[in-house]
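Visitor: Hi, I'm new to this one. Could you walk me through it?
Guide: Happy to; let's look together.

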Amino acid sequence: MTINQFMTNEHRNCDEEFANLENLVNEDNWDSAILAFDKFKNMMLRHFNQEETIMFEEYNNCEGGHCNPTGVMIMEHDQMRALFQQMENSLKSQDKDNFLGLSENLLFVMQQHNMKEEQMMYNMADEFLDANDIINRMKQIS
Amino acid sequence: MFRGLSTDQAPPFEVVYRFFLVAPISLIIIGFILIFGDTELILSRHSNLAISIIHLFTIGYMSIIMIGASMQFLPVIIGAVYKNTQTITKYLLISLILFLILFIYGFIFNQHQLFFYASYIIFIAISYFALITIHKIKKLKLTDNTSNFIKLAFIFLIIGLFFGIKLLLSFYNNSFTQYHFNIAFTHAFFMLFGWGFFFILGVAFKVIPMFWVTNDYTTSQIQLFKYLLFSSFILITFNIIFTNQTLKIIALSNLSIVLISFSYTTYIKLNNRKRKVYDISVKLWQQSIIFLFIGTILIWINLFIYIPSSLFAIIFGYGFILTLTIAMLYKIIPFLAWWHSSTILAQKGIFNVPTIKDMIKLQDLKNQNNLHIITIVLLILSIFFNSILQIAGLFIIVSNIYLFKNFLNAIKTYKKLIII
């Protein structure tokens with residue numbers, strides 16, 4: 001399995017959790033929404049962790065000076081972390097309109113980010129890194 | 001420390017929104033032509049008025065929107081980044097507007113000498129942009145179905161352009177070959193189903209699954225689309241010289257299979273999407289798909305019973321393409337307004353900004369869509385009851401002023417935010 005395949009699969013899993021979360025808020029099912037949010041947020045943070053502590057680290061060490069998009073990717077992770085915080089606040093105050101506005105923001109940021117990773121970052125990682133080693137190490141991240 | 005989203009690959013918002021503001025104006029002009037023009041000429045396929053209206057739509061609206069959108073999302077969805085976007089966009093927009101002025105004036109007031117300059121302008125502008133886009137896509141290390149289909153869309157644009165220039169110069173020289181009407185049909189076919197539909201397919205393959213969390217389009221389906229569509233284009237091109245009804249029927253049948261398959265698949269995907277929150281863009285996509293489906297059925301019916309070409313123009317143009325582009329613009333413009341403003345504000349340490357949904361009010365989106373649907377119904381009725389055409393024209397004006405206002409509201413919000 002390539003890094004691209006593994007991580008794209010992770011993206012799709014996160015997308016499904018995101019959709020589930022949004023639907024629960026839309027239905028005013030706040031208790032379930034809080035649980036779903038925690039699950040979604042933890043999945044995303046784990047995914048960021050996998051990339052930042054393993055894939056990006058290894059890539060930075062071996063790449064050797066060509067185009068390196070890891071800085072931009074981390075910046076976008078930070079933007080999403082900020083959005084998670086805002087969404088959590090909306091969830092706690094049960095502000096449905098604000099939450100759904102923020103989730104739309106997150107969707108665009110997330111999908112744009114995912115497209116860049118799937119089109120570019122992961123392919124570069126597959127080219128320069130040992131895919132099996134990277135995938136196994138990323139699976140260890142909790 | 002977080003300093004906002006990376007806009008390094010995206011052109012400035014100002015560069016792109018010019019296209020989105022100019023486009024509805026072309027539709028408003030069409031409305032005025034319907035009100036004040038000769039009804040019989042308007043509904044007659046090869047009249048100067050009909051040709052003017054069609055090109056106000058295809059170039060003044062459709063191509064301007066697609067080129068503007070390309071500048072913005074091709075860097076993001078396929079990694080093809082344009083340089084010197086300020087210069088390119090100014091040049092492109094001015095050229096397209098100038099072309100339209102010369103073209104429309106030349107046809108409506110029978111000033112065919114203007115077509116020499118019009119041909120030159122459109123040839124340079126479109127072929128330049130299409131060639132740099134194709135070059136950028138070819139340079140990509142890895143391509144996917146989206147980039148391949150968009151590359152093909154631009155190739156078809158160039159081919160359609162050559163047919164169009166040939167036709168325009170025929171009017172300039174007042175010299176028409178026996179193949180003139182076949183070339184006109186082929187030009188329309190390449191532009192609508194080559195440039196327009198291939199572009200839409202390329203975009204749909206990516207954005208439908210990503211925006212609304214659906215399953216991907218299958219590889220086998222996409223390959224089938226490619227082969228059937230290619231065969232249609234080859235057969236239609238042969239038909240220019242050989243004028244064989246069988247070739248045309250096979251070409252249209254192959255095309256129809258793709259259109260029906262895409263319509264059905266996309267409608268079902270959107271119905272079964274994981275994100276169930278109300279989204280007007282989903283409603284508009286499904287509306288446009290219904291028109292695509294209806295138009296395809298009419299293609300088959302037309303093999304047995306005559307269907308006026310104006311009905312095809314309304315269903316495919318106004319019903320399918322316009323509705324679908326509005327669906328996408330009601331996503332793209334609020335996102336760009338939010339994205340660019342939040343980036344600028346984040347650099348000032350301000351993170352509490354309005355959301356994407358605050359950029360255009362939902363009720364305004366719904367109202368405009370309602371006017372849009374009424375307009376389409378009136379346009380269809382006007383084919384059978386010609387006296388309704390002026391009312392349809394009025395609704396075109398009103399619904400597209402509303403469209404323009406909705407776009408402008410998002411842009412105004414962006415401008416207010418960035419000066420905080």
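**A first look around**

Guide: In chain A, buried residues make up 56% of the 142 residues. Keep in mind as we go that this is a predicted model.

Visitor: Okay! How many helices and strands does chain A have?
Guide: Chain A has 5 helices and 0 strands. Along the sequence, the pattern reads α-α-α-α-α.

Visitor: And what are the dimensions of the box that its C-alpha atoms fill?
Guide: Taken along the principal axes, the C-alpha atoms of chain A fill a box of roughly 50 × 25 × 20 Å. The radius of gyration of chain A is 16 Å, which agrees with the value near 14 Å that a compact globule of 142 residues would have.

Visitor: What share of the contacts in chain A link residues 24 or more positions apart?
Guide: Among contacts in chain A with a separation of 6 or more, 80% are between residues 24 or more positions apart.

Visitor: Can you show me a pair like that inside chain A?
Guide: Glu52(A) and Arg81(A) form a salt bridge, with the closest N and O atoms 3.1 Å apart. Glu52(A) lies in helix α2 of chain A and Arg81(A) in helix α3 (residues 70-92), so the pair ties together parts that are 29 residues apart in sequence. Arg81(A) counts as partly exposed, because its relative accessibility is 29%.

Visitor: Are Lys116(A) and Glu76(A) buried or exposed?
Guide: Lys116(A) is buried, with a relative accessible area of 6%. Glu76(A) is buried as well, at 2%.

Visitor: Why would side chains like these pair up at all?
Guide: Side chains of opposite charge can pair when their charged atoms come close.

Visitor: How many salt bridges are there over all chains?
Guide: A search of the whole structure finds 19 salt bridges over all chains.

Visitor: Let's switch to where the chains meet. How many residues take part in the contact between chain B and chain A?
Guide: Chain B gives 31 residues to the contact and chain A gives 32 residues. The area buried between them is about 3,100 Å², and carbon and sulfur atoms give 61% of that.

Visitor: What about salt bridges between the two chains?
Guide: There are 4 salt bridges between chain B and chain A. Across the same interface, 9 residue pairs are in polar contact, with both residues at pLDDT 80 or more.

Visitor: Which parts of chain B touch chain A?
Guide: Helices α3 (48-77), α7 (180-212) and α11 (309-347) of chain B each supply at least two residues of the side that touches chain A. The largest share, 4 residues, comes from α11(B). By class, that side of chain B has 16 nonpolar, 5 polar and 10 charged residues.

Visitor: New topic: which loop holds Asp28(A)?
Guide: Asp28(A) is found in the loop between α1 (3-26) and α2 (30-62) of chain A. Asp28(A) has a positive phi of about 60 degrees although it is not a glycine. At 44% relative accessibility, Asp28(A) counts as partly exposed.

Visitor: And where is Asn174(B)?
Guide: Asn174(B) is in the loop between α6 (145-173) and α7 of chain B. Asn174(B) has a positive phi of about 55 degrees, though it is not a glycine. At 60% relative accessibility, Asn174(B) counts as exposed.

Visitor: One more: what does Gln286(B) contact?
Guide: Leaving aside neighbours within four places in sequence, Gln286(B) is in contact with Tyr267(B), Leu270(B) and Asn271(B). A polar contact of 3.1 Å joins the side chains of Gln286(B) and Asn271(B). Gln286(B) is in helix α10 (residues 280-302) of chain B and counts as buried at 12% relative accessibility.

How values were computed
Residues are numbered from 1 along each chain as its sequence is written. Chains are lettered from A and ligands numbered from 1 in the order in which they are written. This is a predicted model: local features need pLDDT of at least 70, side-chain atom pairs count only at pLDDT 80 or more; totals for chains, interfaces and linings use all residues. Side-chain values use heavy atoms; hydrogens and water are left out. Buried means under 20% relative accessible area, exposed over 50%, partly exposed in between (1.4 Å probe, protein chains only). A polar contact is a pair of N or O atoms within 3.5 Å; within protein, one must be able to donate a hydrogen and the other to accept it, and residues adjacent in sequence count only if both atoms are side-chain atoms. Contact means heavy atoms within 4.5 Å. Buried area is the accessible area (1.4 Å probe) that two parts lose on being put together, summed over both. A salt bridge is a side-chain nitrogen of Lys or Arg within 4 Å of a carboxyl oxygen of Asp or Glu. Ala, Val, Leu, Ile, Met, Phe, Trp, Tyr, Cys and Pro count as nonpolar, Asp, Glu, Lys and Arg as charged, and the others, Gly among them, as polar. The radius of gyration is taken over C-alpha atoms; the globule rule is 2.2 Å times the number of residues to the power 0.38.
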